[in-house]
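Cut-offs are given where a term first comes up.

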Amino acid sequence: MILDQTHVLLHHSVLETTFKGVEHTISTPDIPISQFRGIKYASVPARFRQSKLFTSYPAVVDATRYGPICPQMKQKSLEEDLIGLSESDIPRQVFEQDEFECLNLNITCPAGITHESRLPVMLWFHGGGNRGCGSSWVYDGGAFVRKSVRIGRPLIMVTFNFRLGLFGCAASPKIAEDNKAAGDEGVGNYGLRDQRKALEWVNNFIGGFGGDPSNVTLFGESTGAADILSHLYSSVNQTKPLFARTIVQSALVEYDVPTVHNAGWQLSRLLSSLRITLVDQLRAVDPEVLLEVECPLRATDDGVFFRKGWKESIMPEEPSRLHPCTGTGLIEKTLSPFLMPMKKTGIKSRSPHPLSRGPTHVPVRHIASSPGLQPIIIGDCACDSFLWSLPASLWSASGVVRRLRAVCQSLTKATALLNAYDIAAHTPATELVDRVLELVNDARIAWPTECAAQAAKRARGGRGVWRYVFDQEGPVRGVPHHAVDLIYLFDNVPLPLSQQPSPMSFYDEPLPSSRTSPSPSSSDPSGRWTRTLNDLECMNVDDFENSRGWQGSEWTTPVVDEWSYAHVRDTMQERWIAFAHGEAPWDEDKVFVFGPEGESGERSACIFEGRRRCRLWKEALEPLGIQLVQKVGQELSNGPSLTSSKSLF
């Protein structure tokens, strides 16, 4: 790899081509970062056909620009909506949309590495449902890779695009016949199969960029995290695994994956207005027309993609064994203020040791009980249901009661569920939204995440699963909402940080920085020190050890101050990077907590009972079963009418 002004040239001997990338804008003289953008990894022969690995490149490949993305409605990404930035704070990105040229990836790596470097690789699966792309500024890999170099554990990060919506998941018996005639095995799951092709490309060619193809970690959030679970339980992962470990963040797990016939029925219903009967006719429809169709599918159980018996392996176990801590420290709603949309309350940390040390440097023990059971980090955010705040706010109390009775088809079941979440026909409107969001949060993300974690632990003989909870407030919205962890993990979001000392920091001195102290001209008119994200990047928690104790006379209102942001960011990045390097991120018998108010560290497993509504899961959700519970969550998150409201998707 050589530097040509702001361009980086890398000759790939296996592909017999030279990639021309860019020097990342985050680069510094001591830590230069390179980025190669828009590299085509697969081709799409036709709409609703499986992609083919791409390996033929010209002598020089221009990798200085991002490639096309899958067609989607032109609007802000899901993450931008959730983070709550104003339009002026959102970096402007305009991507070409092309369903046949959208399979491309971006590689961010330390400059100067060679094929002999063999660095760990982290492959990011973006979320966002039917919108979003791997080239979004939100999860640009520059800051994350720079962090890995700074702490002495360099790695390579790859983001990529794949087909979304109907382009990525349409399935029916007629499409199955068409695919079979074309030589494809299976039908639907085109987005998932695109992702597998990206994995194959990385496995074959990342070595030329200095990566180790045998040391690939998948990590993703929301629907991207759910896709990772799909790959874990895929049939090909049993016979030819292409990744070493996974990180699953706030996965939108769907346990009721339709068969080909059921998927075909749903597709016919969605496209009924087009009056289409032939696959070729469907292929001829303008992509702009298909974008108007709200596709609820993500995967299809076609009898090929998923391994045999996969549904049984991820279903919740019998209630008596699901929660080992049940019966001690049982949760009551009044004890967990961060389970609802955050109210500004002065609450002291639960931990006597707010400062967390670095990761435990213990090699991850690879599970040999069964092939395709890679180690996994899995967790969620306390207020993931913030994603559906708008439709949830449109419910009336009587409407919720009627809808739950209709979905449960049992007055007894519906009454038990309503009582558990304190919802009744007379519930005040000012309280209803919070209670609906609590139920949606548990039904769609929190409890399914716990079920997936417990299933993974059972399959791995009780080992190889690391559990976390992310309860740190978002800097803009002030709650631990869906995707808030991405703000801290990738460190790309412009932040309105407060300099008011956090109760978790116990310090009122200005935050130390390895850079020189600013001159008076760098302060704002009030005389406060104005720090940039680059300043924060240089902070080290150890720098706080010799500072004098916090002198405040009372606990302050929870805010995301500079210390809290830097501490949670550094801790999360370091744990994820350590895991990618094959180290245990923390004691797997413990739960790792991020937040609130900057707290982070290992806690006993029973602390989980105080961070999530485990008692309600056991008493109210388990008797209903995961599929009915998820149906309840979906109905409530859709709002009172599909035509009158939509979620942030």
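1. Buried means under 20% relative accessible area, exposed means over 50%, and partly exposed is in between (1.4 Å probe, protein chains only). The model is predicted, so local features need pLDDT of at least 70 and side-chain atom pairs count only at pLDDT 80 or more, while totals for chains, interfaces and linings use all residues. Residues are numbered from 1 along each chain as its sequence is written, and side-chain values use heavy atoms, with hydrogens and water left out.

2. Overall make-up. The protein chain has 22 helices and 16 strands; helices (H or I, at least four residues) and strands (E, at least two) are DSSP runs numbered from the N terminus. Of the 649 residues in the protein chain, 57% are buried. The accessible surface comes to about 25,600 Å², and carbon and sulfur atoms account for 52% of that; these areas come from the Shrake-Rupley method with a 1.4 Å probe, and for residues only the protein chains shown count as cover. Among contacts (heavy atoms within 4.5 Å) between residues at least 6 apart in sequence, 81% join residues at least 24 apart.

3. Strand β13. Two strands pair if DSSP finds at least two bridges between them. β13 pairs in the parallel sense with β12 (residues 245-249) over 4 bridges, and T246 stands opposite I376. β13 also pairs in the parallel sense with β14 (residues 465-470), over 6 bridges; there W466 is the bridge partner of I377.

4. Backbone points to check. Which residues other than glycine have a positive phi? S250 has phi near 50° and sits in the loop between β12 and α8 (260-270); at 0% relative accessibility, S250 is buried. D491 has phi near 60° and sits in the loop between α17 (484-490) and α18 (533-537); D491 is buried too, with a relative accessible area of 7%. Separately, G595 and P596 are joined by a cis peptide bond with omega about 5°, and P596 is in the loop between β15 (590-594) and β16 (600-604).

5. Cysteines. The structure holds 0 disulfides, a disulfide being a pair of cysteine sulfur atoms within 2.5 Å. For C295 the closest cysteine sulfur is in C169, at 3.2 Å, which is too far for a bond. C295 is buried at 6% relative accessibility, and C614 is buried with a relative accessible area of 1%.

6. Aromatic rings. Rings of Phe, Tyr and Trp (its six-membered ring) pair if their centres lie within 6.5 Å; planes under 30 degrees apart count as stacked, over 60 as edge-to-face and the rest as tilted. The whole structure has 31 aromatic pairs. F48 and Y190 have ring centres 6.3 Å apart and planes at 35°, so this pair is tilted. F48 lies in the loop between β5 (42-43) and β6 (52-53) and Y190 in helix α5 (residues 190-205), so the pair ties together parts 142 residues apart in sequence. Y468, F470, Y488, Y565, W576, W586, F592 and F594 form one aromatic cluster.
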